[in-house]
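Subject: Handover of a protein structure

Dear colleague,

Please find below the structure that I am handing over to you. My notes on what was found in it follow.

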Amino acid sequence: MTTRKILAALIVTFVFSLLLAACASEPEENSDSNSEEGGSQDGDLVIASQADAVSLDPHATNDTPSANIRINIFDNLVTQNEDMELQPALAESWEQVNDTTWEFKLREDVTFHDGSVFNSNVVKANIERILDPDIGSPVAFMYDMITEVQVVDDYTVRFKTEYPFAPLPAHLAHPGGQMVSQELIEEDYAAMENGEDPSNVINLNPVGTGPFKFENWQTGESVKLVKNEGYWQEPAMLNSVTFKVVSEDLTRISELSTGDSHIITPLSPSDVAEVENTDGMKVQRQESSSLAYIGFNMEKEPFDDVRVRQAISMAINKEEIINGIYEGAGIPAKGPIAPGIFGYDEQLNGLEYNMEEARALLEEAGYPDGFSATIWTNDDRQRIDTATNVQAQLAEIGIDLEVVTIEWGAMLDQTANGEHEMMVFGWTTVTGDADNGMYPLFHSENVGSAGNRTFTVDKELDSYLQEARQTADPEKRLDLYSKTQEKLVELSPFVYLLHQEYLLGVRDEVKGLTQLPTQLLQLKNVSLEE
């Protein structure tokens with residue numbers, strides 16, 4: 001049996017099991033091979049993170065540093081375990097009633113941090129807010145197939161979709177689908193009527209149902225969360241968690257070695273040996289669903305010419321980047337989808353490294369002597385080193401690149417506005433489904449902040465992506481995603497660099513820590529050993 005047929009069979013089995021069992025079991029407790037007895041039930045965990053949150057409103061941003069904090073404040077209807085399998089969360093069970101209707105049964109014992117009750121009206125208010133054009137949510141594309149949220153009763157809600165959409169439960173597990181207090185949503189709307197920007201109220205005091213409550217945010221410095229004693233599951237083991245902004249890699253290493261921070265994220269591959277050879281700390285590794293890439297602004301010359309984009313792709317030696325910069329912590333990418341994601345095509349032929357062909361394509365495009373351009377990156381060491389490496393590699397075919405380093409929040413804004421020429425960037429397929437790995441990045445409806453920062457506009461590509469998300473048949477979806485990936489290799493809006501391995505630096509006293517393939521840290525069952 002082919003890999004594609006195996007995948008199709010697995011997904012059919014999964015969907016069928018949803019229809020029969022409706023996922024009625026309780027969420028699995030997070031576990032970790034490093035977990036041990038004897039961890040303290042109290043503790044104040046400090047995590048040194050490279051970047052500050054952009055927003056603590058789940059509906060306002062789609063970046064990992066923000067989501068890593070919010071996942072502890074808010075809950076989703078559906079969650080994922082370490083194998084990217086869907087698990088109940090605020091929804092106890094769900095089933096597909098017909099092709100365009102999903103019904104979710106909600107937990108009846110959940111209250112928000114502000115004391116308000118979680119129920120069907122809350123779900124309706126959250127989804128309608130995400131889809132409200134006045135809010136301008138960058139995660140609206142995740143839910144824009146929903147045409148109506150029906151309140152059946154206090155704890156039963158139905159989603160009507162414009163077309164059959166098999167990945168809906170997975171989309172509801174996305175960080176953008178986290179549930180915010182309805183009272184806070186109403187306060188935010190009231191503030192908007194008085195001239196304030198969307199999210200201002202929520203961002204100042206985010207209120208969810210999660211295992212930790214928001215305490216304070218010192219912008220550019222830290223976010224502190226404290227234990228939610230009234231959590232609907234077992235309360236967290238820690239008293240508090242502080243996400244400290246430490247932008248420099250070597251400073252994060254120092255924080256870890258002195259014990260000023262218990263976890264550092266990310267850990268640079270260049271620093272793995274130092275952590276492994278230092279008493280009291282260790283490296284924790286996690287295979288990922290991510291893609292590291294170089295994106296082109298296809299609205300700007302000369303990157304509006306596919307021959308230029310293909311030439312650059314063929315002039316970059318990915319193995320040199322993986323081995324020289326990532327210390328082997330990753331595998332070469334042929335296209336946008338990582339192994340293990342539904343829709344991954346192991347038969348895909350990417351653009352191979354070929355300097356001779358790259359020079360020929362540049363000459364054919366009218367640039368026999370190359371050209372000058374800028375390549376943007378944020379202050380991530382691997383991305384800066386990648387940009388510098390690519391600068392040197394492309395000089396061999398006459399392309400003169402200037403490397404520009406930009407603060408993370410500014411990079412998100414400016415690339416969404418199309419101010420860049422080339423950029424070193426990344427994307428994580430959070431849902432485990434290729435729809436999330438390609439639709440936001442390449443569909444013409446999503447140009448800008450929703451994800452399409454290359455300004456890719458192609459009717460054939462749009463049709464593949466649209467049909468794939470409207471098709472219930474897993475085998476047909478796999479075929480459409482294969483065609484999509486082949487088209488994306490041809491169009492080359494990205495140089496598909498690698499699917500990296502996530503690395504954390506962790507002190508030995510930290511027990512029970514897990515990290516999802518989406519890069520998000522699971523902290524509820526973390527303890528600090530005395």
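**Overall form**

Of the 530 residues that make up the protein chain, 59% count as buried, where buried means under 20% relative accessible area, exposed over 50%, and partly exposed in between (1.4 Å probe, protein chains only). Please note that this is a predicted model, in which local features need pLDDT of at least 70 and side-chain atom pairs count only at pLDDT 80 or more, while totals for chains, interfaces and linings use all residues. Residues are numbered from 1 along each chain as its sequence is written, and side-chain values use heavy atoms, with hydrogens and water left out.

Along its principal axes, the C-alpha trace spans about 65 × 55 × 55 Å. The accessible surface comes to about 20,500 Å², and 44% of it belongs to carbon and sulfur atoms; such areas come from the Shrake-Rupley method with a 1.4 Å probe, and for residues only the protein chains shown count as cover.

The secondary structure comes to 16 helices and 23 strands. Helices (H or I, at least four residues) and strands (E, at least two) are DSSP runs, numbered from the N terminus. Among the contacts in the chain with a separation of 6 or more, 71% are between residues 24 or more positions apart; a contact means heavy atoms within 4.5 Å.

Helix α2, residues 64-73, is mostly covered, with seven of its 10 residues buried. These are S66, A67, N68, I69, R70, N72 and I73. Their cover includes the strands β9 (212-218), β10 (222-227), β11 (240-245) and β22 (521-522).

D63 is found in the loop between β2 (44-49) and α2. Its relative accessibility is 5%, so D63 counts as buried. Not counting residues up to four places away in sequence, D63 touches V54, W408 and L412. D63 and A53 are 10 residues apart in sequence, and their C-alpha atoms are 8.2 Å apart in space.

Two of the strands that cover α2, β10 and β11, have a loop between them that holds L238. Is L238 buried or exposed? L238 counts as buried because its relative accessibility is 0%.

**The second largest cavity**

Rolling a probe the size of a water molecule over the atoms shows where empty space is left. The structure holds two cavities of 30 Å³ or more. On a 1 Å grid over the protein atoms alone, a cavity is a set of points where a 1.4 Å probe fits but cannot get out, and lining residues have an atom within 4 Å of a point. Grid points are joined across faces, edges and corners, and a volume is the space filled by probe spheres set on the points.

The second largest cavity has about 60 Å³ of space. Which residues line the second largest cavity? They are S313, K318, K334, L351, V489, S492, F494, V495 and Y496. Strand β19 (residues 494-507) gives the largest share of this lining, three residues. By type, the lining divides into five nonpolar, two polar and two charged residues. Here Ala, Val, Leu, Ile, Met, Phe, Trp, Tyr, Cys and Pro count as nonpolar, Asp, Glu, Lys and Arg as charged, and the others, Gly among them, as polar.

**Backbone features to inspect**

Most residues other than glycine have a negative phi, and most peptide bonds are trans. S492, one of the lining residues of the second largest cavity, has a positive phi of about 50° although it is not a glycine. S492 lies in the loop between α16 (474-491) and β19, and at 1% relative accessibility it counts as buried. Q519 also has a positive phi, near 85°. Q519 is found in the loop between β21 (514-515) and β22 and is buried, with a relative accessible area of 18%.

The peptide bond from T265 to P266 is cis, with omega near -5°; P266 is in the loop between β12 (263-265) and α8 (272-276). A cis peptide bond also joins E301 and P302, with omega about 0°. P302 lies in the loop between β14 (290-296) and α9 (306-314).

Yours sincerely

Terms used. On a 1 Å grid over the protein atoms alone, a cavity is a set of points where a 1.4 Å probe fits but cannot get out, and a pocket is an open set with protein on both sides within 12 Å along at least five of seven lines; lining residues have an atom within 4 Å of a point.
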